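Here are my notes on the model, written as numbered points. Please read them with the structure open beside you.

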Amino acid sequence: MLQIAFIRENKEATLAGLRKRYVADAEAIVDKVIQLDQQRRDTQKELDDVLARSNAKAKEIGALLKSGDKAAAEAAKAETAELKAISKGLDEDLTFIGQQLQNVLVTLPNLPHSSVPEGRSAEDNEVVLEHGEKPTLTADALPHWELIKKYDRDGGPFIDFELGVKITGAGFPVYKGKGARIQRALINFFLDQALAAGYLEIQPPIVINEESGFGTGQLPDKEGQMYYVKEDKLYLIPTAEVPITNLYRDVILTENDLPVKNVGYTPCFRREAGSWGAHVRGLNRLHQFDKVEIVQIRKPEESYQALEEMSQYIQSLLQKLELPYRVLRLCGGDMGFTSALTYDMEVWSAAQQRWLEVSSVSNFETYQANRLKLRYKVDGKTQLLHTLNGSALALPRILAAILENNQTPEGIRIPGVLVPYCGFDVIN
RNA sequence: AGAGGGAUGGCGGAGUGGUCGAUCGCGGCAGUCUUGAAAACUGUUGACUGUAACAGGUCCGGGGGUUCGAAUCCCUCUCCCUCUGCCA
């Protein structure tokens, strides 16, 4: 959530940011925010004054009763009725105005960083760099969903979509044999790498309450994208970002606690309506998938340096896995609601001949921290922190690229770094 | 799931209708002493809002109520603990 004080004092910058994101009626919304904020402050002032008078009166009555002057006390009591009526009315007004303000404020996305390119859609994202050689496959090369069927060894394909449909539904594959083992290998590899890079491993719950959904910005308007357990009012997490970042909700850190670097492996659940044929085939888009997520909490002045470090770290993983990749700087129109700057990492899927997004790393600046009330103390003052996170990495598309890019007539070669984790070096 | 007991500042723990935002202890911070540290002593130490700075306002798990006045009384929700039951 944007800070009201910032909007009030930087109206033009706010408008420019919102335009970059193609927010409709930005000017009208910002004017509404400023107007409601003024109204709220005026009403608050008025209420505070009435309350101050009431408080003084109550003390006066207490003193009179103590001194035994009952008649004067009764007279003073009679004067309070009016104050009470006024304060009640003002209090109701304030609640109403506050709600309206909150309702408008939550509809505003984060303001883009100055380096965010102009643009309306994914077409306009800026390619920051490309790394690695795209493998040239033979004419009979197969996409991963065919490869999975080709190496049918343990009583069915090593990733079984049909079986998943049977027990749950589409988008919930069953990993078997080498399929399950390579998943486990990837998770352990990613966690070990993060530990070596100084992250603290966290195993959070994978269902979260409404407050947590609000804290990181999934709620109120993206509830349709999450699975919901109605009886308990709990949501299945779409990413470990939600529970891990919310560990720091309503927290005031000290400088010694910083920087916070957490890593967590969790399954992730996404309802994601809509599908487009081949683009969502196989492992390309699932309702349940595994992901290792890195989260950092930083002082404002360090957060962009941290973002670059996280980007480098994620790239190092892709390099170790020998995957060709590119890094995109997302444009204003394509960036997530809560982010100020996002890099997407995409790996080259050689048989599908397309780039697959496997990571997204973002700096949210104070947008989440303001919702979370996540602060730290500097020179006796409390200040909002910056939150960042990134996938490091999401498994299914990594696996898809590994399978496709490394296919040979003899079988699918497992990248060297994974072999000790897998216990095998080829799927054949 | 049933019965009972709780929820107070970073932690422990007082406070049961009137200067209580809250005694006290620990911890933290600053100082004295010390070559330095420890110990001891002294002072200081919640958050939000508001103001140029004061002042003022709000917060004792959440919400509502009684009262001139609520941390204290009433209702309700949530969570925690103990015992009984069930259970990976």
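Where is the place of Asp250? The first point takes this up, after a word on how the model is to be read. This is a predicted model, in which local features need pLDDT of at least 70 and side-chain atom pairs count only at pLDDT 80 or more, while totals for chains, interfaces and linings use all residues. Residues are numbered from 1 along each chain as its sequence is written, chains are lettered from A and ligands numbered from 1 in the order in which they are written, and side-chain values use heavy atoms, with hydrogens and water left out.

1. Asp250 lies in the loop between helix H9 (241-246) and strand E8, where helices (H or I, at least four residues) and strands (E, at least two) are DSSP runs, numbered from the N terminus. The phi of Asp250 is near 55°, which is a positive value in a residue other than glycine.

2. Two cis peptide bonds deserve a look in turn. One joins Leu219 and Pro220, with omega at about 10°, and Pro220 is found in the loop between helix H8 (210-216) and E6. Another joins Leu258 and Pro259, with omega at about -5°, and Pro259 has its place in the loop between strand E8 (251-253) and strand E9 (260-269).

3. An open sheet is formed by three strands in the order E5-E7-E6, with antiparallel pairing; here two strands pair if DSSP finds at least two bridges between them. Strand E5 (207-208) and strand E6 (228-229) stand at the edges with a single partner strand each, so one side of each is left without a neighbour in the sheet. E5 is joined to strand E7 (residues 234-236) by two bridges, and Val207 stands opposite Leu236 in E7. As background, strands of a sheet pair through backbone hydrogen bonds, either parallel or antiparallel.

4. A hairpin is made by E14 and E15, with two residues between the strands, and in this hairpin Asp379 takes a positive phi near 45°. Four bridges join strand E14 (residues 374-378) to strand E15 (residues 381-384), and the two run antiparallel. Within this pair, Tyr376 stands opposite Gln383 in E15.

5. The domain assignment of chain A gives domain 1 (4-105) and domain 2 (122-427), with bounds that come from an automatic or database domain assignment. The contact between them (heavy atoms within 4.5 Å) takes four residues from domain 1 and seven residues from domain 2. The C-alpha centres of the two domains lie 44 Å apart.

6. Domain 1 and domain 2 bury about 360 Å² between them, 39% of it on carbon and sulfur atoms; buried area is the accessible area (1.4 Å probe) that two parts lose on being put together, summed over both. In domain 1, Lys20, Arg21 and Gln102 lose the most area to domain 2, and together they account for 86% of what that side buries.

7. Across the interface of domain 1 and domain 2 the rule finds zero salt bridges, a salt bridge being a side-chain nitrogen of Lys or Arg within 4 Å of a carboxyl oxygen of Asp or Glu. By this rule the count comes to 18 salt bridges, and one is formed by Lys11 with Asp31, whose closest N and O atoms are 2.8 Å apart. This pair links distant parts of the chain, with Lys11 in helix H2 (residues 11-20) and Asp31 in helix H3 (residues 26-66), 20 residues apart.
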